[in-house]
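Trainee: Can we go through this model together? I have questions on a few parts of it.

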Amino acid sequence: MAVLVTGGAGYIGSHMVLSLSDAGENVVVLDNLVTGFDWAIDGRALFEQGDAGDIDFVVGLIKKHGITEIVHFAGSIVVPESVTNPLKYYGNNTATSRNLIEAAVKGGVKHFIFSSTAAVYGMTGLAPVVETTPLNPMSPYGRSKLMTEMMLADVAAAHPMTFGVLRYFNVAGADPQGRSGQSSPEATHLIKVACQTALGQREKMDIFGTDFETPDGTGVRDYIHVSDLIAAHALLLKHLRGGGDSTTLNCAYGQGYSVREVVDTVRKVSGVDLRAEEGPRRAGDPASITATGEKVRATLGWVPQHADLTEIVQSAFAWEKHLMVRNR
Ligand SMILES: NC(=O)c1ccc[n+]([C@@H]2O[C@H](COP(=O)([O-])OP(=O)(O)OC[C@H]3O[C@@H](n4cnc5c(N)ncnc54)[C@H](O)[C@@H]3O)[C@@H](O)[C@H]2O)c1
Ligand SMILES: O=c1ccn([C@@H]2O[C@H](COP(=O)(O)OP(=O)(O)O[C@H]3O[C@H](CO)[C@@H](O)[C@H](O)[C@H]3O)[C@@H](O)[C@H]2O)c(=O)[nH]1
């Protein structure tokens, strides 16, 4: 028995690999290293380099390693890039996932967990969303993920496989033991960019939009610590293995922070008065997106351990400093 983690060399997937390995599970990572790093894969896991959309290859892996579950992180993740290059997203998110799901069915995989996103909701106003809030994604990225959610539901209705969809809100922070973090130098995430700026790797950063209908005019997001997000995956896996129904869950704390609040927190944590220039809105960005997280708590008994913006920024900043030394 083993768990296949696609995208296990990436930011969030590498934390899943650590968690599964810490729990004594057999883990196989499938990653094509397009944005991930082989050094980010914990040494206790087996690494198979390849594409998650290669059906024959994945069916072969399922047989070779006795894969019983797939946790599917592999994909393309930059919202504004999906606006300028939508086919990349319908290819590497929707089409790749379709093939991976086919391989899962062919290989007799029992449970499938999928990384979805808050971006499936689109513009929702300032109130927190719940899972039944109408889905109206604003970007090809969000649509590419929503299509995968729909495929999974259809396939699970027709085949003996259960699934869990986790809609992540804004994932940030790093492993508290300092073993992994967001490592891509080109990452566009706010907390990462602000930490890089505080460390002098960027001369300045931009605040994308100050005219949103939010309390201070900048975008509001629900930032979730990567370790709490991974804990939800572990609980979901247990739920599905125990015969629990397929489910779709928001992963969020229910607390939104504006871009200005995040930048100020990075200034406080780093002690650096970093330069943040106010500029126009970025394509595909909603004003605000938060969620209560009530369903994930009720369904899985999830209790967040790191729901504190300062702690999230401290761990992200520590990882950024670690990377500077590592890459020297
Ligand atoms: N970071 C966030 O805030 C966030 C929020 C919501 C959802 N997500 C989702 O979580 C997942 C992981 O995101 P991340 O932040 O760790 O990104 P990441 O880019 O760090 O990780 C993605 C990994 O997948 C690999 N990959 C990409 N395409 C592949 C393919 N076709 N075959 C095999 N490997 C492939 C990459 O090499 C990389 O290691 C993605 O599906 C993303 O959409 C992320
Ligand atoms: O240099 C920057 C980067 C971001 N922002 C703003 O900060 C907020 C957060 O942006 P970012 O960190 O890029 O995250 P999102 O665009 O919200 O998207 C992330 O969070 C989504 C879930 O909410 C995931 O689906 C995506 O994969 C992930 O990139 C937004 O208002 C951005 O406009 C800036 O002002 N300056």
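Mentor: One term first: a residue is buried if 20 or more other C-beta atoms lie within 10 Å of its own, exposed if 12 or fewer, and partly exposed in between, with C-beta atoms placed from the backbone. The model is predicted, so local features need pLDDT of at least 70 and side-chain atom pairs count only at pLDDT 80 or more, while totals for chains, interfaces and linings use all residues. Residues are numbered from 1 along each chain as its sequence is written, and chains are lettered from A and ligands numbered from 1 in the order in which they are written.

Trainee: Then why is Lys 321 partly exposed?

Mentor: Because 14 other C-beta atoms lie within 10 Å of Lys 321, which makes it partly exposed. Lys 321 sits in helix H10; helices (H or I, at least four residues) and strands (E, at least two) are DSSP runs, numbered from the N terminus.

Trainee: Change of topic. How is the chain divided into domains?

Mentor: Into domain 1 (2–171 + 223–251) and domain 2 (190–221 + 254–326); the bounds come from an automatic or database domain assignment. The C-alpha centres of the two domains lie 23 Å apart. Domain 1 puts 31 residues into the contact and domain 2 puts in 29 residues; two residues are in contact if their C-beta atoms, placed from the backbone, lie within 7 Å.

Trainee: Which element gives the most to the side of domain 1 that touches domain 2?

Mentor: H7, with seven residues. That side divides into 19 nonpolar, 10 polar and two charged residues. In this scheme Ala, Val, Leu, Ile, Met, Phe, Trp, Tyr, Cys and Pro count as nonpolar, Asp, Glu, Lys and Arg as charged, and the others, Gly among them, as polar.

Trainee: And the largest nonpolar core, where does it lie?

Mentor: It has 94 residues, and those with the most contacts inside it are Phe 112, Ala 194, Cys 251 and Val 266. Domain 1 and domain 2 both give residues to this core, so it lies between them. Such a core is a set of buried Ala, Val, Leu, Ile, Met, Phe, Trp, Tyr and Cys residues joined through C-beta atoms within 7 Å.

Trainee: What is Phe 112 in contact with?

Mentor: Leaving aside neighbours within four places in sequence, the contacts of Phe 112 include Ile 70, His 72, Leu 152 and Phe 163.

Trainee: Now the ligands. How many residues surround ligand 1?

Mentor: There are 29, and Gly 7, Gly 10, Gly 36, Ala 74 and Gly 75 are the closest; a residue counts as near if its C-beta atom, placed from the backbone, lies within 6 Å of the molecule. H1 gives the largest share of this shell, three residues. By class the shell has 12 nonpolar, 15 polar and two charged residues.

Trainee: Where does ligand 2 lie relative to the domains?

Mentor: Domain 1 and domain 2 both give residues to its shell, so ligand 2 lies between them. The shell has 22 residues, with Thr 117, Ala 118, Leu 190, Phe 208 and Gly 219 nearest. Helix H6 (190–198) and E8 are the elements that give two or more residues, and E8 has the largest share with four. The classes are 13 nonpolar, five polar and four charged.

Trainee: Last one. Is Asp 216 buried or exposed?

Mentor: Exposed, because it has 12 C-beta neighbours inside 10 Å. Asp 216 lies in the loop between strand E8 (205–208) and strand E9 (220–221). Not counting residues up to four places away in sequence, it touches Ser 258 and Arg 260.
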